[in-house]
Amino acid sequence: MARQNHTSAAPTTDARWELVDARMRQLGNRPDALIEALHTVQETFGYIDRRALERISQTLSVPPSTAFGVATFYHYFNLLPKGEHTAVVCTGTACYIDGAAELLAALETELGVGPKQTTEDGRLTVFTARCIGACSLAPAVIVDGRVHGRERVPDLLERVRAL
């Protein structure tokens, strides 16, 4: 089962917000700084939670729905913290044809998590990518930054169990 209840420290008590606020001021606290502000929060906290979206929205004078829409539109942004380890399953055409869906289904069955979800114990977050540029190795998976090609379900499950 995926972890659900996450919040960053309250903006008034976490010194990391000074970095975010400074960056937004540098960008002029204007609506057109939204994506850059989201990047700053992501880099500072590792993810963008509801409180961060509200803070950015208020500071930059953009509707909360706009901040949320941008944060969910771009694949780069995470609304929940990542696990200690990551597994990225390529879902590009070659990988999909060669078994990416089976890899994702096995991770969901074995670990109870789908894409952009983290295991209950916080050990692993599963992601998908439209293409990782390793088509000749399809299906490809990146586990903790290392590419594994021609990945099969038993090998992937063994790999993530060993994390």
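Strand S1 (85–90) and strand S3 (124–129) each place at least two residues in the lining of the largest pocket. The model is predicted. This pocket holds about 190 Å³ of space. Its lining includes Gln42, His75, Tyr76, Asn78 and Lys82. Thr86, Val88, Phe127 and Thr128 also line the pocket, as do Ile142 and Gly145. By class, the lining has four nonpolar, six polar and one charged residues. Rolling a probe the size of a water molecule over the atoms shows where empty space is left.

**Overall build**

The chain has seven helices and five strands. Along the sequence they follow the pattern α-α-α-α-β-α-α-β-β-β-β-α. The C-alpha atoms fill a box of roughly 50 × 30 × 25 Å along the principal axes. Of the 163 residues, 44% count as buried. The accessible surface of the chain is about 8,800 Å². Carbon and sulfur atoms account for 52% of that surface.

The largest nonpolar core has 20 residues. Val89, Cys95, Leu107, Val126, Val141 and Leu156 have the most contacts inside this core. Five elements each supply at least two of its residues: S1, helix H6 (100–111), S3, strand S4 (141–143) and helix H7 (153–161). H6 gives the most, with five residues.

What does Leu107 touch, leaving aside residues up to four places away in sequence? Its partners are Val89, Gly112, Val113, Val126, Leu156, Leu157 and Val160. Val89, Val126 and Leu156 are also among the residues with the most contacts inside the largest core.

**Ala71 in helix H4**

Ala71 is found in helix H4 (residues 64–73). Is Ala71 buried or exposed? Ala71 counts as buried because its relative accessible area is 1%, and the cut-off for buried is under 20%. Not counting residues up to four places away in sequence, Ala71 touches Leu38, Leu53, Phe77 and Leu79. Ala71 and Ala129 are 58 residues apart in sequence. Their C-alpha atoms are 17 Å apart in space.

**The loop between S3 and S4**

Pro139 sits in the loop between S3 and S4. The peptide bond from Ala138 to Pro139 is cis, with omega near -10 degrees. Most residues other than glycine have a negative phi, and most peptide bonds are trans.

Ala138 is in the loop between S3 and S4. With a relative accessible area of 7%, Ala138 is buried. Ala138 touches Ala94, Cys95, Asp98 and Arg150, not counting residues up to four places away in sequence. Cys95 is one of the residues with the most contacts inside the largest nonpolar core. Ala138 and Tyr96 are 42 residues apart along the chain, and their C-alpha atoms are separated by 8.0 Å.

Gly133 is found in the loop between S3 and S4 too. Gly133 is exposed, with a relative accessible area of 63%. Gly133 and Arg25 are 108 residues apart along the chain. Their C-alpha atoms are separated by 37 Å.

**Positive phi in two loops**

Two residues other than glycine, Lys116 and Asp144, have a positive phi. Lys116 lies in the loop between H6 and strand S2 (117–118). Its phi is near 65 degrees. Asp144 lies in the loop between S4 and strand S5 (146–148). Its phi is about 50 degrees.

Asp144, at 40% relative accessibility, counts as partly exposed.

**Exposure by residue**

The table lists relative accessibility for the residues discussed above.

| Residue | Relative accessibility | Class |
|---|---|---|
| Ala71 | 1% | buried |
| Ala138 | 7% | buried |
| Asp144 | 40% | partly exposed |
| Gly133 | 63% | exposed |

Terms used: Residues numbered from 1 in each chain as written. Predicted model: local features only at pLDDT ≥ 70, side-chain atom pairs only at ≥ 80, totals over all residues. Heavy atoms only, no water. 1 Å grid on protein atoms, 1.4 Å probe; cavity = no way out; pocket = protein on both sides within 12 Å on 5 of 7 lines; lining within 4 Å. Points joined across faces, edges and corners; volume = space filled by probe spheres on them. Helix = DSSP H or I, 4+ residues; strand = E, 2+ residues; numbered from the N terminus. Nonpolar A, V, L, I, M, F, W, Y, C, P; charged D, E, K, R; others polar. Buried < 20%, exposed > 50% of the residue type's maximum accessible area, 1.4 Å probe, protein only. Areas by Shrake-Rupley, 256 points an atom, 1.4 Å probe, with all protein chains shown as cover. Core = buried A, V, L, I, M, F, W, Y, C linked by side-chain atoms within 4.5 Å. Contact = heavy atoms within 4.5 Å.
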